[in-house]
Amino acid sequence: MEARCSYCDCIIQVPSDAVEGELVKCMDCGTLYEVRICNGGSVTLTEAEEVEEDWGE
Ligand SMILES: [Zn+2]
């Protein structure tokens, strides 16, 4: 499956066995995306925040 990077407009390859919440990275600009599986099996990407060890505060 393929999705498009919203920043650099390049194609991001998404594994066909990708699961909800899986992280994929744009190889071109390095933006990290989280996989969302829609009804019907199509895939969309939402920009993911870098995971930070920030509990509370
Ligand atoms: Zn990109």
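Which residue in β5 stands opposite tyrosine 33? The pairing of the strands gives the reply: glutamate 47 holds that place. The model discussed here is a predicted one.

## Overall make-up

The protein contains zero helices and five strands. Its pattern along the sequence reads β-β-β-β-β. The C-alpha trace spans about 40 × 25 × 15 Å along the principal axes.

Of the 57 residues, 12% count as buried. Take the contacts with a separation of 6 or more: 17% of them join residues 24 or more positions apart.

## The three-stranded sheet

Three strands form an open sheet in the order β3-β4-β5. Their pairing is antiparallel. β3 covers residues 23-25 and β5 covers 43-47, and both stand at the edges. Each has a single partner strand, so one side of each is left without a neighbour in the sheet. From one strand to the next, the twist averages 40 degrees.

In general, strands of a sheet pair through backbone hydrogen bonds, in a parallel or an antiparallel way. Side chains in a regular strand alternate between the two faces of the sheet.

## The β4-β5 pair

β4 runs over residues 32-37. Five bridges tie β4 to β5 in the antiparallel sense. Tyrosine 33 faces glutamate 47 of β5. Arginine 36 has threonine 44 of β5 as its bridge partner.

How many residues lie between the strands in the hairpin of β4 and β5? There are five. Glycine 40 belongs to this hairpin and takes a positive phi near 100 degrees.

## Aspartate 9

A positive phi also turns up at aspartate 9, with a value of about 65 degrees. Aspartate 9 is not a glycine, yet it adopts this phi. Its place is in the loop between β1 and β2. Strand β1 covers residues 2-4, and β2 covers 11-13.

Is aspartate 9 buried or exposed? The count of C-beta neighbours inside 10 Å is 10. A residue is exposed at 12 or fewer, so aspartate 9 counts as exposed.

## Summary

Positive phi values occur at glycine 40 in the β4-β5 hairpin and at aspartate 9, in the loop from β1 to β2.

Terms used: Residues are numbered from 1 along each chain as its sequence is written. This is a predicted model: local features need pLDDT of at least 70, side-chain atom pairs count only at pLDDT 80 or more; totals for chains, interfaces and linings use all residues. Two strands pair if DSSP finds at least two bridges between them. Helices (H or I, at least four residues) and strands (E, at least two) are DSSP runs, numbered from the N terminus. Axes are lines fitted to C-alpha atoms, for helices over the stretch in contact, and angles run from 0 to 180 degrees between N-to-C directions. A residue is buried if 20 or more other C-beta atoms lie within 10 Å of its own, exposed if 12 or fewer, and partly exposed in between; C-beta atoms are placed from the backbone. Two residues are in contact if their C-beta atoms, placed from the backbone, lie within 7 Å.
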